[in-house]
Amino acid sequence: MTTLVFGHKSPDTDSTGSPIIWAWYLNQIKGTEARPVLLGEPNTEALFMLERWDLEKPEIIDSLAAGTPVVIVDTNNPAELPGNINDADIQAIIDHHKLVGGLETKGPIDIRIEPLACTATIMWKMIGKDLAQMPRSIKGAMLSCILSDTLEFRSPTTTNEDKAIAWDLAQDLDVNISEYAAEMFAAKSDVSAFTEAELLRMDSKEYGIAGKQFRVSVLETTSPGQVLDRKGALMDAMPGVAEADGADQVLLFVVDILNEEATLLVPNDLVKSVAEKSFDVQVEGDTVVLPGIMSRKKQIIPNLKV
């Protein structure tokens with residue numbers, strides 16, 4: 001039976017590229033029949049990666065048959081996975097996020113979770129000497145994942161291992177990191193084709209604290225004006241998205257990659273209170289700028305207070 005490899009819902013570059021990388025490894029190195037799939041439409045940066053490296057877009061699935069062998073990458077949170085994930089036969093988990101709990105397996109499995117910026121970095125280490133057999137397209141996906149998750153090494157989640165592996169891959173591929181990252185971020189910044197609801201769900205995580213459920217959304221861009229020009233429509237769409245997704249509130253952080261800051265949209269008193277308690281700021285108006293805030297995983301979610 002074919003093993004399905006997938007990441008979280010609302011797939012970004014890492015959750016699009018890492019399933020492709022690991023499915024290649026299982027098929028070509030381990031002799032295990034595997035197929036990468038997605039749990040949603042990939043973002044524009046991930047689509048750019050697929051086109052740039054001539055990779056086939058994985059099938060998007062919306063259901064999972066009981067007993068299907070699966071490898072979960074770039075998450076271990078059941079809320080970010082198919083609703084019946086515990087009916088699947090989970091074979092392995094490869095991730096770089098905190099351990100959430102709630103997944104059940106049929107037996108002992110391989111788990112690799114490391115405090116690195118990117119799942120693909122962990123995979124590079126796991127594949128080891130077999131990297132010599134990896135085609136350029138898969139190495140290109142690996143480099144793209146690392147540059148995306150580290151925001152070209154600007155993110156505070158970046159480690160020296162992430163940097164060293166990215167530089168090694170770039171040298172092997174004869175790619176200029178700065179130039180390639182700029183192309184990636186330009187692709188990520190073009191959100192003109194998306195509705196407000198799609199933008200609010202594009203890169204988001206569910207998070208609960210003090211009895212409140214939040215959808216914590218991040219839009220990383222080199223052109224924050226393109227998003228902030230739509231702030232009225234985005235705030236108008238928040239109640240509907242929150243209700244449909246079982247959340248009390250959507251928190252939208254527009255991350256300015258180049259200026260290394262985030263702008264939080266403040267549609268109501270609840271978000272104002274969260275902003276002031278979480279980031280020690282005074283909020284005036286319907287936005288607040290948070291200097292130095294780049295990472296949802298390391299700087300936003302751990303600091304949230306209600």
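First, the ground rules. This is a predicted model, in which local features need a pLDDT of at least 70 and side-chain atom pairs count only at pLDDT 80 or more, while totals for chains, interfaces and linings use all residues. Residues are numbered from 1 along each chain as its sequence is written, and side-chain values use heavy atoms, with hydrogens and water left out.

The largest pocket has a volume of about 770 Å³. On a 1 Å grid over the protein atoms alone, a pocket is an open set of points where a 1.4 Å probe fits, with protein on both sides within 12 Å along at least five of seven lines, and lining residues have an atom within 4 Å of a point. Of the 44 lining residues, those closest to the centre are His97, Asp203, Lys205, Arg296 and Lys297. Several elements give two or more residues to this lining, among them helix H4 (136-150), strand E8 (212-221) and helix H11 (296-300). Strand E8 gives the most, with 5 residues. Helices (H or I, at least four residues) and strands (E, at least two) are DSSP runs, numbered from the N terminus.

I turn now to charged pairs. Side chains of opposite charge can pair when their charged atoms come close. Here a salt bridge is a side-chain nitrogen of Lys or Arg within 4 Å of a carboxyl oxygen of Asp or Glu. The whole structure contains 17 salt bridges.

Arg296 is buried at 12% relative accessible area, and Asp203 is buried at 9%. Buried means under 20%, exposed over 50%, and partly exposed in between, with a 1.4 Å probe and protein chains only.

A second bridge joins Lys139 and Asp172 at 2.5 Å, N to O. Lys139 lies in helix H4 and Asp172 in helix H5 (residues 160-173), so this bridge ties together parts 33 residues apart in sequence. Lys139 is buried at 12%, whereas Asp172 is partly exposed at 43%.

Arg112, Glu114, Lys125 and Glu161 are linked in a network of salt bridges.

How many disulfides are there? The count is 0, a disulfide being a pair of cysteine sulfur atoms within 2.5 Å.

Finally, the surface. Leu99, Ile111 and Ile113 make a nonpolar patch of about 300 Å². Such patches are made of residues with over 30% relative accessible area and no salt bridge, with nonpolar side chains (Val, Leu, Ile, Met, Phe, Trp, Tyr) joined within 5 Å. The areas come from the Shrake-Rupley method with a 1.4 Å probe. Leu99 sits in the loop between strand E5 (89-95) and strand E6 (110-113), and is exposed at 67% relative accessibility.

Definitions and conventions:
Patch = residues over 30% accessible without salt bridge, like charges linked within 9 Å, V, L, I, M, F, W, Y side chains within 5 Å. Points joined across faces, edges and corners; volume = space filled by probe spheres on them.
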